[in-house]
Amino acid sequence: MKDPMTEINKATVRRFTQTRLEVEDFISDEAAHLDAWDLNGWVGLFTQDCVYEVTPTGVANPFSLDPDTTMFLIADDRERLEQRVIRLNKTSAHVEFPKSLTRHLYTNVRILSDNGTEIVATANCLVFRTKNRVTSHYPGNIRYVLVRDGENLLIRSKRVALDLEALIPQGKVSIIL
Amino acid sequence: MKWSEPYESKFIRVDPQKRRFQVSRQVYTDPKIFELEKQHLLRKSWLYFAHVSEVPKINDFITRQVIDATLILTRDRAGEIRAFFNTCPHRGAVICREPVGSKKSFTCPYHGWTFKNNGELQTQNAAFGYEEDFNADGIYNLKEVPRLEIRSGFIFVNFDADAIPLDDYLGAAGDRIDMLAQHSGTGLEVIGGMQEYYIKANYKLMCENSYDGYHLEATHGSYIDYQMSRLAGVTQMKATGYGRGLDNGHACFEIDIMAGRPLAQWLPVWGETVRELIDEAKAELIERVGPERGHLISQVHRNMVIFPNSVMNDQQSIFIRSMIPISVNEMVVRAWPLGPVNEAPELRRIRIEGALSFLGPGGFATPDDVEMLELCQRGYEMGGIPWNDISKGFTAGEETPSGEDKLMNELQMRAYWSQYDKIMSAVA
């Protein structure tokens with residue numbers, strides 16, 4: 001017996017599988033920009049109305065928080081994001097001089113929706129930062145809102161929620177996650 | 001203390017004729033000194049713990065570590081704020097494992113002893129085996145921290161039952177804490193998003209850093225560049241200020257500068273709606289406290305260290321820090337932004353923005369401080385150079401704990417170390 005719901009779900013899954021491959025390619029490229037410290041190239045992946053956020057540690061509901069009422073670790077609009085990159089490109093950004101080694105792992109990509117122009121996706125992340133002979137880990141979950149721009153994707157929103165109760169022992173978020 | 005004769009102890013070395021003031025690097029590296037500090041200094045000082053707005057309602061609680069102890073802070077069923085050691089009087093297990101919540105009683109997970117939120121033992125969870133008057137003398141109630149006192153909504157604790165009252169301890173710093181509270185006619189509240197971060201450095205380094213005007217240009221050049229980009233259209237750029245000792249080792253620098261803040265310093269980059277709100281906030285303040293005090297509260301930015309480990313910053317935002325020593329060369333910094341209760345959303349947004357872009361561990365300045373402190377700690381641990389220099393501005397006859405000096409000098413730190421030496425030289 002044919003179950004129409006199953007058919008719909010299969011179709012949805014198939015469509016999302018295509019989207020997932022597209023998103024995986026895209027955020028793997030994003031990670032490559034970051035690991036190469038190509039921050040100018042990285043900013044080029046964002047829309048003009050973008051936000052880049054890292055929620056506070058030790059909160060239960062990071063994806064429902066509002067940066068206008070709760071203090072995030074990072075809550076950048078396009079202007080502050082550009083300023084962040086300008087700063088990190090300077091040798092006077094002491095915390096990242098000499099530049100730390102980073103390795104960004106973005107995995108377990110899940111497509112929550114794709115309406116043809118806008119994709120909402122989540123990914124797990126584990127970022128390693130090595131400096132002064134110490135390696136820090138930043139485990140977390142990322143929620144992306146991506147928009148189609150012709151053949152390409154652009155990031156309208158990237159929110160990182162760290163699986164940390166506090167920045168112990170990381171001490172800071174001086175790299176891009 | 002007036003410095004006119006040469007002086008040398010295990011901790012500081014002062015030569016007024018050569019205008020030198022030095023601090024031993026062992027105070028950052030020697031585990032024996034750290035143990036003495038914990039016993040005679042940290043456990044006998046008033047330590048900032050929390051703000052009353054963190055337990056706003058009856059039965060609210062938070063748990064938080066301070067020095068070696070984790071405390072439960074409750075607003076008990078009668079409305080009284082109390083702090084208890086978070087360990088069961090029965091067999092010692094940590095009782096409350098949640099950082100924040102609301103509870104009428106706390107039950108130890110090990111054997112089920114249950115305590116009312118005023119500390120009283122309610123039940124041992126046992127049908128037999130105990131005399132009925134087993135706890136008649138109260139020794140099995142939760143152990144209360146020896147002292148807890150509140151100044152203008154800021155809760156301090158002290159592990160020494162014989163400590164002087166908080167108000168006497170704070171001295172001239174007390175009025176500056178009152179000024180923080182007077183930012184608002186509706187009271188202050190802690191804004192969500194407490195920051196907690198680790199630094200591999202002695203906790204006193206973060207205290208020194210917090211009111212060190214001298215390091216701003218070299219360490220924070222990249223932040224200043226960013227800030228300048230936001231000050232477009234601001235003409236009143238001249239800054240005047242000074243460093244000042246405030247009794248008992250507390251000190252601050254105060255600076256009359258236009259840097260933008262949600263109380264009375266509007267920046268063109270914020271737009272006209274915000275301008276009206278900021279003007280209103282200022283008018284309300286002047287109406288409430290008068291023009292002179294209103295100026296001190298709204299225009300003067302202040303970085304203040306409450307000896308020995310608390311920081312109260314009053315700049316683009318109100319920002320409190322508490323440095324928790326973990327070992328001689330490790331600390332955890334805990335930091336909270338505060339704002340007026342019922343603040344206009346536009347002003348709250350600006351307040352949060354100012355706090356996270358400068359003072360947060362994901363911001364444009366604090367990560368560089370963290371790096372500097374860790375570099376200092378590594379430098380001390382190399383050995384070879386026994387003394388740090390904090391002579392900038394020092395002159396013979398300086399009255400360090402309560403004196404005044406130019407903004408970019410180091411009097412604040414000399415006030416800290418004079419007090420430190422007074423306490424530690426008596427026991428070491």
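## Basis of the model

Local features of this predicted model need pLDDT of at least 70 and side-chain atom pairs count only at pLDDT 80 or more, while totals for chains, interfaces and linings use all residues. Residues are numbered from 1 along each chain as its sequence is written, chains are lettered from A and ligands numbered from 1 in the order in which they are written, and side-chain values use heavy atoms, with hydrogens and water left out.

## Salt bridges

Over all chains, the count comes to 44 salt bridges (a side-chain nitrogen of Lys or Arg within 4 Å of a carboxyl oxygen of Asp or Glu). In chain A, R148(A) forms a salt bridge with E22(A), with the closest N and O atoms 2.7 Å apart. This pair links distant parts of the chain, 126 residues apart: R148(A) is in strand β5 (residues 134-149) and E22(A) in helix α1 (residues 4-35). Helices (H or I, at least four residues) and strands (E, at least two) are DSSP runs, numbered from the N terminus. R148(A) is partly exposed at 28% relative accessibility, and E22(A) is partly exposed at 29% (buried means under 20% relative accessible area, exposed over 50%, partly exposed in between, with a 1.4 Å probe and protein chains only).

In chain B, the side chains of R302(B) and D314(B) meet in a salt bridge at 3.5 Å, N to O. R302(B) lies in strand β19 (residues 300-306) and D314(B) in strand β20 (residues 310-314), so the pair ties together parts 12 residues apart in sequence. Both R302(B) and D314(B) are buried. They belong to a network of salt bridges that also links R176(B), R244(B), E254(B), R261(B) and E404(B).

## Aromatic pairs

There are 25 aromatic pairs over all chains (rings of Phe, Tyr and Trp, the last by its six-membered ring, with centres within 6.5 Å; planes under 30 degrees apart count as stacked, over 60 as edge-to-face and the rest as tilted). The ring centres of Y48(B) and W336(B) are 5.6 Å apart and the planes stand at 85 degrees, so this pair is edge-to-face. Y48(B) and W336(B) are both buried.

W113(B) and Y130(B) also form an edge-to-face pair, because their ring centres are 6.3 Å apart and their planes are at 80 degrees. W113(B) is buried at 2% relative accessibility, whereas Y130(B) is partly exposed at 33%.

## A loop residue

I390(B) lies in the loop between β23 (387-389) and β24 (398-399) of chain B and counts as buried, at 6% relative accessibility.
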